Amino acid sequence: MTARPRTVLLTLIGPPLCGILVACLVIAGWLATGLPLARGETWFTIQKVPPVSGASFTSGQPDQVQFFLAVGNDSRDPNGVGLGDAIHVIAVNPGAKAASIIDIPRDTSVGGGGKINSILANAGLSAFTQTISNFVGVPIKFSMTTNFAGFTDMVDELGGIDINVQEPMHDVDSGADFDPGPQKLNGPGALAFSRDRHSFSAGDISRTVNQGYLLITALHNFQQQAVSPGGVLTALGNLGRHVQMENVSFQELYRLGRLVLTIDPANIKNVVIPTGGGSGTNLTPGAGIDSLFADFRDDGVLQSH
Amino acid sequence: MRIVVVAVAVGLLVGSALIFFARGDGGSRPAKKTKKSVSAEVKLTLGGVSNANAGTPATLGNDVAGQIMDAIGQYVDKGLIAPVKTGKPPADVAGLFDGGTQAAIQGPDKDVLFENGTPKRTGDFKPSADPVIITALSDADGQFVLATAAFNYRADVGVEGGTMNTTRAISLTFAPDNGPWKITSYDVAVTRQGAQVEGSPTAAASK
């Protein structure tokens, strides 16, 4: 073959051959990086998605420690407010996902003014809240109280509380009649559990601790039932019908409630204040109370108690 | 002639009565179950309203229930369906949420709340939704302050390698926000299976 025919052949075959080579390179590139589905569409990388994912968020949830007061009063009148016999200052620390309950026996004497429980009956919830706030040294954002009828109706509407009774409780006065172990408390049962002080050697001190234990157990019940947001609203309706509240809106309660539902009950400490005497009237604050309140006050979490 | 006049008069009376009894009353009546879809893309209806009263018995009005349902319709159309159809991120959904949620819906929650960052659609798209159940809370004065709307949404989307099935259990809590009710809290759980899902055998066909 002469040089001229070879040149003609290359001229004829060369361009198509180059085109095929370029096309092969482009196809190889497509295969390596992912094929665009159609002409004109942008390049993309196929990403697998997770089989399960979730998102939960509530606007305006508190990010600072919240202190509030929950009080059970002894009024038998469904619309009345009596003596503040079950007194609990509750702190919730959003960052630590922890909470604390300071239990104050009803017979505690504050400022030499007689038993603390009478302030609720005589001066009302606002004055009572202010007294407790001054006593503990924390800013109590809001407070709530319920009476006998309110408490029993509320527990019944919740469907009762499943609790593990720690000690035998057999007391005619309160109506408590529980053996140790798992129990389902209806409204009257929960009230009896909260009122019984005769089944324990420490009397009112043990009763006060039991009240805090009941609150934590009720939270645990809620968490186990995986209450939906709609269920939280239903529970708030129940609360509103049976509890007198001050300085809190239902939107604030919803936000706080959703936060509290994320707290592991194991991260909630329930501590009764030290008192100077045994069960009886006019208990004086005992040694170590300043240390307890300081521990409570700084971040709402009891690190050393 | 007299018969005609009487017939016309009776007809007018019956017509007036029908109009009187059929007309709406501006939302003071209880919200009722409606079959009207609030989505342009999928059948999305109100399944029922449960009223949680903290005080004076009250019933959520049709006006508020309708406003909430309209917002849900927009959430589904713009946040779940349009991104699949167009291949673009969800748009015009921020206004459905209150100010406190804005940062969260633009963060990691975006991929859960909305169809965002999912494999490109290559085939059929079949969305469906269960009826919406609203639970509404009224305060001591009977004023409604919060309402949660819960429903399930499903979508079968043709993607590379097969079909991806997505189920969302959605719970959106609304509160009045200077007038309109906006989403102030949400809980969304997404479950996916099929093609393009991590751990799924069909996901291997991505290349």
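This report describes a sheet, aromatic pairs, nonpolar cores and one proline in a predicted model.

## Basis of the model

The model is predicted: local features need pLDDT of at least 70, side-chain atom pairs count only at pLDDT 80 or more, and totals for chains, interfaces and linings use all residues. Residues are numbered from 1 along each chain as its sequence is written, chains are lettered from A and ligands numbered from 1 in the order in which they are written, and side-chain values use heavy atoms, with hydrogens and water left out.

## The sheet of chain A

In chain A, 6 strands make an open sheet with mixed pairing, in the order E10-E5-E2-E3-E4-E11. Strands E10 (244-246) and E11 (268-272) of chain A are at the edges with a single partner strand each, so one side of each has no neighbour in the sheet. On average, neighbouring strands of this sheet are turned by 15° against each other, direction ignored. Helices (H or I, at least four residues) and strands (E, at least two) are DSSP runs, numbered from the N terminus. Two strands pair if DSSP finds at least two bridges between them.

Strand E3 (residues 84-93) and strand E4 (residues 98-104) of chain A run antiparallel and are joined by 7 bridges. Val89(A) has Ile102(A) in E4(A) as its bridge partner. Helix H5 (residues 204-224) of chain A lies across E3, E4 and E11 of chain A, and runs at about 165° to E11(A). Axes are lines fitted to C-alpha atoms, for helices over the stretch in contact, and angles run from 0 to 180 degrees between N-to-C directions.

## Aromatic pairs

Rings of Phe, Tyr and Trp (its six-membered ring) pair if their centres lie within 6.5 Å; planes under 30 degrees apart count as stacked, over 60 as edge-to-face and the rest as tilted. Over all chains, this rule gives 7 aromatic pairs. Phe67(A) and Phe296(A) are edge-to-face, because their ring centres are 5.3 Å apart and their planes stand at 65°. This pair links strand E2 (residues 66-73) of chain A, which holds Phe67(A), to helix H8 (residues 289-299) of chain A, which holds Phe296(A), 229 residues apart. Both Phe67(A) and Phe296(A) are buried (under 20% relative accessible area; exposed is over 50%, partly exposed in between, with a 1.4 Å probe and protein chains only).

Phe68(A) and Phe142(A) are stacked, at 4.8 Å centre to centre and 5° between the planes. Phe68(A) is in strand E2 and Phe142(A) in strand E5 (residues 142-146) of chain A, 74 residues apart. Phe68(A) is buried at 11% relative accessibility, and Phe142(A) is buried at 3%. One aromatic cluster consists of Phe57(A), Tyr75(B), Phe97(B), Phe114(B) and Tyr186(B).

## Nonpolar cores

A nonpolar core is a set of buried Ala, Val, Leu, Ile, Met, Phe, Trp, Tyr and Cys residues joined through side-chain atoms within 4.5 Å. The largest has 50 residues, of which Ile72(B), Tyr75(B), Val76(B) and Tyr153(B) touch the most other members. H2(B) supplies the largest share of this core, 11 residues. Apart from it lies another core, of 47 residues, among them Ile90(A), Val92(A), Phe193(A) and Ala175(B).

## Pro83 of chain B

Pro83(B) is in helix H2 (residues 62-86) of chain B and is buried, with a relative accessible area of 7%. Leaving out residues up to four places away in sequence, Pro83(B) touches Lys78(B), Lys88(B), Pro89(B), Pro90(B) and Glu115(B), where contact means heavy atoms within 4.5 Å. The C-alpha atoms of Pro83(B) and Phe114(B) are separated by 8.3 Å, with the two residues 31 apart along the chain.
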